[in-house]
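This report looks at the aromatic contacts and the pockets of one protein model. Please keep the sequence and the structure in view while reading.

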Amino acid sequence: MKKLSSLIVSLVFLLTACTTPDKPFVLKRGTNLSHWLSQSPLRGEERARRVEEDDIARLKELGFDHVRIPIDEEQFWDEEGNQLPEAWALLTRTLDLTQQYGLRAIVDLHIVRSHHFNAGFDGGKNTLFEDPAQQEKLVDLWRQLSAVLHSYKTSMVAYEFMNEPVADDPEQWNQLIAMVHHELRSLEPNRTLVIGSNLWQGVRTFKDLKVPANDPHILLSFHFYEPMILTHYKAEWSEYGRYTGEFQYPGVMLSDDDYQSLSDEQQQLLAPFMQDWNRDMLKAMIQQAADVAAQYNLPLYCGEWGVYYTAPAEQKYQWYRDMISIFDELNIGWSTWCYDSGFGFWKRDDSGFDDKPMLDILLSGKALGE
């Protein structure tokens with residue numbers, strides 16, 4: 001009889017565990033584990049060594065509470081749609097480690113074969129928003145991801161079902177949001193879903209975002225790299241990086257003499273920086289996203305922000321101070337781009353700090369729960 005009673009109690013516990021929502025998914029300080037399972041040619045042992053246990057332990061010890069993990073379709077599925085086991089094993093190994101060390105994680109489907117956020121800059125073309133078959137394929141990718149990841153606690157792992165959408169019409173993105181949301185909600189009712197705005201998750205397009213109704217398990221996300229002449233200074237892939245002259249931040253960024261020396265094309269591109277850029281201006285821009293989040297009574301998150309290492313230190317560090325103070329004032333969680341690449345604070349060869357002053361500024365702001 002005692003054995004039967006114990007069995008009944010165990011079954012009740014298991015059923016309760018399966019149906020009771022986990023604790024909320026909350027976050028404040030994070031960083032992206034970039035150029036690993038996304039935007040990287042590394043495979044085999046070299047890829048496996050790119051992110052290891054000591055990286056996760058280090059981030060926890062430093063004071064971060066979460067990581068964002070970008071992943072690409074090409075690393076997880078071949079062109080015939082077959083899963084590539086090595087990448088899946090690396091992802092689940094890392095999620096096991098983040099749970100072990102008490103770090104939350106966002107799994108971000110960063111690039112799919114039918115959509116790249118920079119396709120227009122290199123002559124490529126996205127087909128996702130015009131091709132229903134590609135839209136259904138995106139939904140199916142998430143079915144497969146959910147099948148593997150659903151056992152992770154909802155308090156510890158969230159899903160971001162596409163990075164930086166670039167649709168000609170914001171309604172195209174809103175319709176795709178509804179499709180993926182509907183499918184994931186049928187599979188995982190309580191999983192936090194991270195949803196950003198059209199056109200690179202910019203704050204200006206938040207007003208066009210249609211958020212699924214009556215769903216408290218959504219985290220609204222924006223990315224912020226303004227002013228681009230600072231954050232992408234001398235960045236070889238960016239049109240803003242072609243400007244290599246002097247600039248100021250805060251203040252009017254370009255002098256009249258420097259501006260007049262530019263070509264007509266550069267003047268047109270850089271005209272927005274002939275005004276006073278400062279903390280108030282940055283806050284006003286971010287407030288556009290904060291107002292929409294308040295309208296939906298949902299938390300707001302900045303999933304990417306940062307400055308390329310080539311930017312002048314004085315302006316760079318002041319920008320970080322301003323951004324941290326804005327995030328703290330508006331109660332916005334954040335994840336820097338990134339941990340150990342061109343925007344990061346840790347050397348990729350694991351030999352120590354790449355930018356300790358920048359890290360100190362990041363950690364000077366509020367921690368989770370403050």
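## Aromatic contacts

Trp77 and Trp88 are both buried. The model in which they are found is a predicted one, and a search of the whole structure finds 23 aromatic pairs. In the case of Trp77 and Trp88, the ring centres lie 5.3 Å apart and the planes stand at 85°, so the pair is edge-to-face. Because Trp77 belongs to the loop between α4 (73-76) and α5 (85-100) while Trp88 belongs to helix α5, the pair ties together parts that are 11 residues apart in sequence.

Elsewhere, ring pairs join Phe64, Trp305, Trp319, Tyr320, Phe327, Trp334, Tyr339 and Phe345 into a cluster. An aromatic ring also takes part in a contact with a charge, in that the charged end of Lys356 sits over the ring of Phe353 at 5.6 Å from its centre.

## The largest pocket

The largest pocket holds about 1100 Å³ of space. It is lined by 33 residues, and those closest to its centre are Glu164, Trp200, Tyr225, Met228 and His232. The elements that give two or more residues to this lining are α8 (198-201) and β6 (218-224), and by class the lining of the largest pocket comprises 16 nonpolar, 12 polar and five charged residues.

## The second largest pocket

About 540 Å³ of space lies in the second largest pocket, whose lining of 31 residues has Phe25, Val26, Leu219, Pro299 and Leu300 nearest the centre. Two or more lining residues come from each of β6, α12 (279-296) and α13 (313-330), with the largest share, three residues, supplied by α12. By class, the lining of the second largest pocket divides into 18 nonpolar, seven polar and six charged residues.

Technical notes
Residues numbered from 1 in each chain as written. Predicted model: local features only at pLDDT ≥ 70, side-chain atom pairs only at ≥ 80, totals over all residues. Heavy atoms only, no water. 1 Å grid on protein atoms, 1.4 Å probe; cavity = no way out; pocket = protein on both sides within 12 Å on 5 of 7 lines; lining within 4 Å. Points joined across faces, edges and corners; volume = space filled by probe spheres on them. Helix = DSSP H or I, 4+ residues; strand = E, 2+ residues; numbered from the N terminus. Nonpolar A, V, L, I, M, F, W, Y, C, P; charged D, E, K, R; others polar. Phe/Tyr/Trp six-rings, centres within 6.5 Å; stacked < 30°, edge-to-face > 60°. Buried < 20%, exposed > 50% of the residue type's maximum accessible area, 1.4 Å probe, protein only. Lys NZ or Arg CZ within 6 Å of the ring centre and 35° of its normal.
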